[in-house]
Every structure is written in structure tokens, then in C-alpha cells.
Amino acid sequence: MAFGFGWYLVLAFAVPISLTLSIVWVGVPLAMATVLVWRGGAMLERRVLRVAFGITIADPYRGRPERGLGAHIRWLMSDPATWKDLGYLLMLVPLGLVEAAVSIFLWAVTTVLLFAPVWLALQEWGGVYSDIVIDDVLGACVASVFGAGALVLTAYLVRGMAWLHGTLAVVLLGGSEEERLRASRARGIDAAEAERRRIERDLHDGAQQRLLSVAVDLGRAQAKFDHEPEEARMLIAQAHAGTKSAIAELRNLARGIHPAILSDRGLDAALSGLAARAPIRVDVSVELVERPPAAVESIAYFIVAETLANMAKHSAATEAAVTVVRDYRGVVVDVWDNGIGGAVVSPGGGLAGLADRAATIDGVLVLHSPIGGPTLVRAELPCEW
């Protein structure tokens, strides 16, 4: 409730002032700053809800324009999430007052009833409940029994209020189903486009260049075959080595698109292969009663592959562990290492790309990487979407 009261005071002062001053130029930047402030407050509330209630609410904002002050103003003011954020922050005070009043009343009644024998024994209390006066041991014991029932009821009622609060927060701070699907589709398209560019770049810079070199070597060998057979044989041997290198690069590229071992033998074998190629010891544990959908397997594989690659480059870890289990959330993938930590999800980075991959099937990627380590990357991938 303290957060809500603070935001109410800030907004109750800033919003009217900025709207009043909007008739002159000073009010426009103040209004934009106010919008950014309440957006920041809503983002903070989403993090608080994740810690307090275990509810993960992704930021539902539309894509930010690349440039232009007017485009940024339209982006802020036309996004429905902006105004839903404001509504939620203004609602925190009355909602908090109701929740506090109901909670205090319920816990006070429960405490008085439950400890009625104590009050009676100390001769400090004589209570009245409706028309029933509790002034003897029998009445106090009966009240204590009712207090035990009230304790259970109060716990459920308080939990119900927390559930209602969380549901309201999901409605106001999260996007609608249509917006969520649109955002998920957009992130999936961006991830597919980035993957296509990566494949094109790898083909152009790797296998294509090697095959071009092979063609040149074979052409030179053909020209020298009659007059300089020894040099021609050297060029053919060089072309042969180049061909093998090109085949290896194409094999690696195909593995990066979709490894054959994943389709043939499943996640356990595919992840074991990744661990075997890692520069440090990686323990792999896969506990799946049945194989998940192919899309889930593919995303889980690439999350582990990219995370292990980042670990080898940046974490200075000496050991790591990969765990895959199936529970009510779907497939949960944990990648842990004992490195130096400090990893962050930055726009356009590898971890952001993994989050985009997971979002294509309504999955969630969570990163925990304090400075000094260890680092844990967790992906929760639903098997139905």
C-alpha cells in the first residue's frame, strides 16, 4: 500500500500540473516525463508482483520507433498499455485500503477468538460476541475452537484477495490476448529473420568461399595437368582438403539449423553431444517420460547451445550443468554455470534472441546472474499453445 500511496501522490500532483501547463510549451516535455515516470512505475510493479506473487507479466508495450520526436510522442500516447498502467497505479490506493482493512479485521477477529483462553487466564479480557458473553473456561475453549476455524478461513480469504489482486494486475499491466499474440508473432518473425540472415552470412563467408577456392584450384590443376603434373596433383590435393572443409562447415551449418540427432534420438542425446563439445565439464540430466513436441525440442536445444557458447566465451566457468524436466508448466530447461556472472539481456543480444525464440510458443526465459556468479538461465516452454 505504501507504493500505491506514493504513486498516487506523485501522479495526483504531476498529471494535473503537466496538463495545465500544456497550453504553453513547458507542459509538453513535463507531460512526456510524467508518462515515462508512470510507465517506469508500472514496470517496477511487474517486478514486484513476480517476487511477491510469482506472477510473470511481460511488458506489453508496442515497438519503439527508431527516430523522430513526433513518432515517439505518438508511440507513448497511442499505446493502450500506457493508460492501463496509469489506471493500475491510481487504483493501488483504494485497493490497498480495502485489502488492508479486510486483512486487519480478519486477523484481529481470528487472534481474539483463537487466544480467548489466554486472555481469560490472564484476567485481562472479557469479550462479547453477538449475544454470547465469554467469561468462563468452557466459553473460552469454544471460542478458541471457532478461532482455529477462523484461522483456516482467514488464510484462504487472504490468499483469495492476493489472487484477485494478481488477476487484476495481469489484466491491467499485461497485454490483451490479441496484443500478446501479436507481440509473440512479431518476435517470432524477428527471430526467424535474424536466423535467416545468420545462415546467409555463414554460407557466404564460409562454405561459399571454400567452394569458390576449390573451383579455382581445380581450374588451375586442369590447366597444368599436361605440362606440370606434380603441381597439378598438389592443387588437386588442396582442392580435396578444401572440399572436406566445406563439407564440415555445411554439416555444422545444418546442425545449427536443426541437428539430425535431435530428430532421431531426442533431447538427451542431442544435449549430451553439445556437452561433449564444450570446453569444460558439463553435466546433463534429462528427465522426460515422453518426447515433447518438435518445436519445444528445437527451442530447448538452441537455448542450451547458445547458453553454453556464451558461457565458454564470457563466464570463465569451470563447470556447468544442464537439467531438463517436465512439469505442469511444460518443459523446464535450466543451464547453470559457476562463472563470474554479470550476464544481462540486452536488445539484439544472444539472450534476447533466445527469449524471442521461447516467446514464439508462449515460453518464458528467466536469467539470474549476479555479479560474481553463479549464472542460471531457465526456460519454461509450454507443450500446448
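This is a predicted model: local features need pLDDT of at least 70, side-chain atom pairs count only at pLDDT 80 or more; totals for chains, interfaces and linings use all residues.
Strand E6 (residues 364–368) is joined to E7 by five bridges, and the two strands run antiparallel. Strands are DSSP runs of E with at least two residues, helices are runs of H or I with at least four residues, and both are numbered from the N terminus. Two strands count as paired if DSSP finds at least two bridges between them.

Residues are numbered from 1 along each chain as its sequence is written, and side-chain values use heavy atoms, with hydrogens and water left out.

## The five-stranded sheet

E7 also pairs with strand E5 (residues 330–337), through seven bridges in an antiparallel arrangement. Here, tryptophan 336 has leucine 376 of E7 as its bridge partner. The open sheet has five strands in the order E3-E4-E5-E7-E6, with mixed pairing. Its edge strands are E3 (281–287) and E6, each of which pairs on one side only.

Strands of a sheet pair through backbone hydrogen bonds, either parallel or antiparallel. E3 and strand E4 (residues 319–327) run parallel and are joined by seven bridges. Within E4, alanine 320 is the bridge partner of valine 282.

## Helices on the sheet

Helix H11 (residues 294–315) lies across E3, E4, E5, E6 and E7, and runs at about 10° to E5. Helix H12 (residues 350–359) packs on the sheet and touches E6 and E7. The direction of H12 makes about 150° with that of E6. Contact means heavy atoms within 4.5 Å, and angles run from 0 to 180 degrees between N-to-C directions, with axes fitted to C-alpha atoms, for helices over the stretch in contact.

## A pair of helices

The axes of helix H4 (residues 80–114) and helix H6 (residues 137–173) come within 9 Å and cross at roughly 175°. The two helices are therefore roughly antiparallel to each other, a term for angles over 145 degrees.

Over residues 86–117 the chain is 97% helix and 0% strand, with end C-alpha atoms 49 Å apart. Residues 137–158 are 100% helix and 0% strand, and their end C-alpha atoms are 30 Å apart.

Key: Angles under 35 degrees count as roughly parallel, over 145 as roughly antiparallel, 65 to 115 as roughly perpendicular and the rest as oblique.
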